[in-house]
Amino acid sequence: MIKKTNLAVLLALLFAASILISGCASGQDAAGKDTPGEEPYKIGAVLDISGKASSLGMPERDTLLMLADQLNASGGINGHPVDLIILDNKSDETEAVLAVKTLIEKDVLAVLGCSSSGPSMAMIDTVQKEKVPMISLAAASSIVEPVKDRQWVFKTAQSDIVTVNKIIGYLKEQGITKVAFLYMNNAYGDGGKKAFAAAARENGIEVVAEEKFDASDKDMTPQLTRVKASPAQAAVVWAIPPSASILTRNFRDIGLSIPLIHSHGVGNQKFIDLAQDAADGVILPIGKLTVADQIPDSDPQKKVLEGYINDYSKKYNAPPNSFGGYAWDAFNLLVSAIEKAGPDRAAIRDQLEKTRGFIGVSGVFNMSPQDHNGLDEDSMVLVQIQDGKWKLLE
Amino acid sequence: MWKKAILRPAAVLLLFAVPLLIKSNYLLSILIVIGLYTIIVQGLGILMGYAGQVSFGHAAFFGLGGYTVAILTTRFHWPTVLALPAAALLPGVIAAIIGRPTLKLRELYLALATLGFGILVHIAFTEGKELTGGPSGITGIPYLSIGGLTFDSDIKFFYLVWITLFLILAGINNLVRSRVGRALRAISESEHAAENAGIDTAKLKLQAFIFSALLAGLAGGLYAFYVTFISPSPFGFHASVQFVLMAVIGGLGTFWGPLLGAAVVVTLGEFLRWAVPLVIPGAGGEYQIIFFGLILVLLMIFRPEGLGALGKCLKLSPEKMPGTGIPSKDI
């Protein structure tokens with residue numbers, strides 16, 4: 001019994017210590033690496049490294065670490081080394097709020113992240129209030145709109161509307177006026193549905209069937225049967241694997257022969273691996289990173305893409321994906337803004353807003369006071385899957 | 001007794017001096033989150049520790065409170081000061097409706113029923129289309145303002161949450177010492193015995209359930225005003241389990257248990273966020289979860305009655321240590 005009491009005291013002390021240390025940690029600096037000379041510039045990042053969005057957050061973290069090392073090796077920003085502090089929000093909104101507050105207390109110049117839309121949205125109120133520039137890596141357009149309430153927020157992933165416009169452009173080119181729209185019932189599918197419905201209406205395209213399914217569904221035959229009975233000339237799907245792959249297999253199984261168009265959500269090898277032969281013929285808009293080798297040399301992004309692919313593959317022995325690309329863009333946008341503006345949050349924000357013709361991995365960024373994403377349809381290309389490979393259309 | 005009379009107000013005063021001592025919004029926001037969770041766990045503690053009923057659905061009441069505030073203020077433009085009581089009331093009413101049939105169930109069956117309820121509500125948030133904003137949630141929730149005072153900073157919110165919490169604590173302190181409190185404790189010991197002693201167990205259990213839902217809803221309303229954005233994801237099954245965890249770690253049926261439990265779970269999470277990367281460079285949250293689990297298992301092995309019982313062990317000689325889960329009269 002006495003032993004137990006001692007243990008209890010020990011535990012209590014441990015917790016007291018933990019509170020103290022976590023308290024002190026926020027007051028302390030992670031101390032600028034032993035680089036002599038100028039004082040380091042602090043940049044914070046809040047990423048979904050664990051939890052349900054970890055597949056997004058991990059390549060982003062790897063990319064940021066690589067870029068910070070490269071930058072510091074080549075002399076940093078105007079001679080100042082960069083001190084990059086990355087925190088994990090565990091894909092949780094409350095944790096994201098706590099994480100961004102600790103970064104702001106550490107006097108970071110700007111915050112990168114989060115990886116997914118929910119946690120990014122949760123951080124907005126804090127960065128707006130504290131006047132800290134934030135560059136999100138997530139897709140939802142509501143992260144940067146309305147701009148008047150999002151003065152300090154930017155993002156590098158293409159908004160849904162960019163992808164939607166690419167698809168609408170293709171539909172018009174093919175003379176298709178009646179489509180079926182199928183989407184996954186989560187924030188991603190929901191965002192796609194809203195953007196597509198609005199754009200279709202404007203462009204005289206009629207959505208004749210609208211079906212949804214759950215991310216965990218194992219069979220979409222009922223939804224597809226209703227699509228088959230409709231006069232749709234093409235099917236547009238907003239989903240990510242594995243449900244996107246299952247849908248594609250069901251689509252071939254019930255003998256639908258209309259064109260199948262997916263969103264950029266299936267732009268990874270996992271989709272093809274799971275859908276196998278059924279994936280052949282699928283058309284989708286995608287960032288240029290995936291088809292960098294097929295892009296003509298005249299494309300302004302070609303050099304940036306090849307550079308990123310080389311660096312990343314050399315360091316991590318795996319090809320990079322578009323999520324890492326969002327991090328590449330966010331980091332380099334910020335670095336070039338700090339280069340011009342110096343270590344001042346408001347000046348950095350103004351400089352980010354003035355970004356013009358910045359050639360990144362996700363596209364060529366042209367920010368403006370009305371557009372804090374700065375990407376247009378040219379940032380994406382249409383590809384078709386042939387024999388399990390991405391083939392550039394056009 | 002005189003010691004207590006001085007110690008408690010002193011502790012309260014110290015706490016209210018905290019924002020003046022630490023000028024850190026990060027630490028304040030941790031304290032705010034701890035305060036919000038404590039409000040929920042207080043109610044859950046009454047339900048679990050005193051009435052002896054387990055609920056795996058309290059994240060749903062938490063979420064209902066949050067969504068009530070979000071919907072009333074953004075869709076119907078209610079004054080924020082009216083939306084907050086509504087956030088507590090609605091979950092209370094819903095608890096009254098579902099409590100009647102479900103509380104007839106005992107032990108595991110009740111846990112399962114509340115679990116099902118939690119999942120149902122979560123689906124309703126996701127499927128609520130225009131009303132709940134679906135999976136994307138609701139943005140642009142205004143700050144709470146009461147009679148010209150707008151709670152738009154961490155310091156103001158800290159006071160709001162902790163004053164609310166202390167009022168609740170004072171209320172609960174009286175409640176557990178009253179006839180109702182003793183009757184509730186009798187139920188947790190043996191429902192049959194309590195019935196034989198003339199206690200209307202069904203009614204009391206229902207009241208405890210409604211009370212805990214009210215508190216969870218209130219915390220949810222405050223959460224919505226604090227973060228000003230709401231989506232279904234913080235109100236899933238995982239959150240319900242976390243609340244039960246806090247209640248158990250803190251110690252069921254103890255006065256300070258809920259506060260301790262919430263404080264330990266939140267600070268441990270924050271601490272591991274810093275400490276784990278020091279030990280294992282580049283480690284993400286998945287390692288933190290392992291450490292977290294390990295600490296919890298150790299705690300449950302060596303101190304199954306929770307941390308709230310620690311104080312008693314320090315005061316009493318080991319021989320007089322109270323057994324598992326028996327609430328002490330002396331708080």
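Student: In which hand does H3(A) pass H4(A)?

Tutor: The crossing of H3(A) over H4(A) is right-handed. Please keep in mind that this is a predicted model. Helix H3 covers residues 93-105 of chain A and helix H4 covers residues 117-130 of chain A. The two pack at an angle of about 35°, and their axes are 8 Å apart.

Student: Which residues of H3(A) and H4(A) meet?

Tutor: From H3(A) come Glu93(A), Ala96(A), Val97(A), Val100(A), Lys101(A) and Ile104(A). From H4(A) they meet Gly118(A), Pro119(A), Ala122(A), Met123(A), Thr126(A), Val127(A) and Glu130(A). Sorted by class, this contact has eight nonpolar, two polar and three charged residues.

Student: How should I read burial, and does Asn89(A) count as buried or exposed?

Tutor: One compares the relative accessible area with a cut-off: buried means under 20%. Asn89(A) has 0% relative accessibility, and therefore counts as buried. Asn89(A) lies in the loop between strand E2 (82-88) and H3 of chain A.

Student: What does Asn89(A) touch?

Tutor: Residues up to four places away in sequence are not counted here. Asn89(A) then touches Val46(A), Leu47(A), Asp48(A), Glu95(A), Ala96(A), Cys114(A), Pro119(A) and, from chain B, Arg273(B). Ala96(A) and Pro119(A) also take part in the contact of H3(A) with H4(A).

Student: Where does Val111(A) lie, and what does Val111(A) touch?

Tutor: Val111(A) is in strand E3 of chain A. Its relative accessible area is 0%, so Val111(A) is buried. Beyond four places in sequence, Val111(A) touches Gly44(A), Val46(A), Val100(A), Leu103(A), Met123(A), Val132(A), Pro133(A), Met134(A) and Ile135(A). Two of these, Val100(A) and Met123(A), are also found where H3(A) meets H4(A).

Student: How should I read backbone angles?

Tutor: Most residues other than glycine have a negative phi, and most peptide bonds are trans. One therefore looks for departures from that general rule.

Student: Which peptide bonds are cis?

Tutor: The bond from Gly113(A) to Cys114(A) is cis, with omega near 5°. Cys114(A) is in the loop between strand E3 (111-113) and H4 of chain A. The bond from Pro241(A) to Pro242(A) is cis as well, also with omega near 5°. Pro242(A) lies in the loop between strand E8 (234-238) and helix H8 (243-253) of chain A.

Student: What are the phi values of Asp107(A) and Lys131(A)?

Tutor: Asp107(A) is not a glycine, yet has a positive phi of about 60°. Asp107(A) is in the loop between H3 and E3 of chain A, and with a relative accessible area of 55% Asp107(A) is exposed. For Lys131(A), phi is near 55°, which is again positive. Lys131(A) sits in the loop between H4 and strand E4 (134-136) of chain A. At 48% relative accessibility, Lys131(A) counts as partly exposed.

Student: How many helices and strands are there in chain B?

Tutor: Chain B has 14 helices and four strands. Of its 331 residues, 54% are buried. To read how a chain folds back on itself, one may look at the sequence separation of its contacts. Among contacts in chain B between residues at least 6 apart in sequence, 76% join residues at least 24 apart.

Student: Which residues touch the most other members of the largest nonpolar core?

Tutor: That core has 129 residues, and the ones in question are Ile34(B), Tyr37(B), Phe157(B), Trp162(B) and Phe243(B). Helix H2 (residues 25-50) of chain B contributes the most, with 18 residues. A second, separate core has 44 residues, including Tyr41(A), Leu109(A), Ile295(A) and Val361(A).

Student: With which residues is Tyr37(B) in contact?

Tutor: Apart from neighbours within four places in sequence, Tyr37(B) contacts Thr94(A) of chain A, together with Phe62(B), Phe243(B), Met246(B), Ala262(B) and Val266(B).

Student: Where does Met48(B) lie, and how far is Met48(B) from Leu20(B) in space?

Tutor: Met48(B) lies in helix H2 of chain B. At 8% relative accessibility, Met48(B) counts as buried. Met48(B) and Leu20(B) are 28 residues apart in sequence and 36 Å apart in space, C-alpha to C-alpha. With neighbours within four places set aside, Met48(B) is in contact with Gln53(B), Val54(B), Val244(B), Ala247(B), Val248(B) and Leu252(B).

Key: Residues numbered from 1 in each chain as written. Chains lettered and ligands numbered in written order. Predicted model: local features only at pLDDT ≥ 70, side-chain atom pairs only at ≥ 80, totals over all residues. Heavy atoms only, no water. Axes fitted to C-alpha atoms, helices over the stretch in contact; angles between N-to-C directions. Left-handed = near helix turned anticlockwise from the far one by under 90°. Contact = heavy atoms within 4.5 Å. Nonpolar A, V, L, I, M, F, W, Y, C, P; charged D, E, K, R; others polar. Buried < 20%, exposed > 50% of the residue type's maximum accessible area, 1.4 Å probe, protein only. Core = buried A, V, L, I, M, F, W, Y, C linked by side-chain atoms within 4.5 Å.
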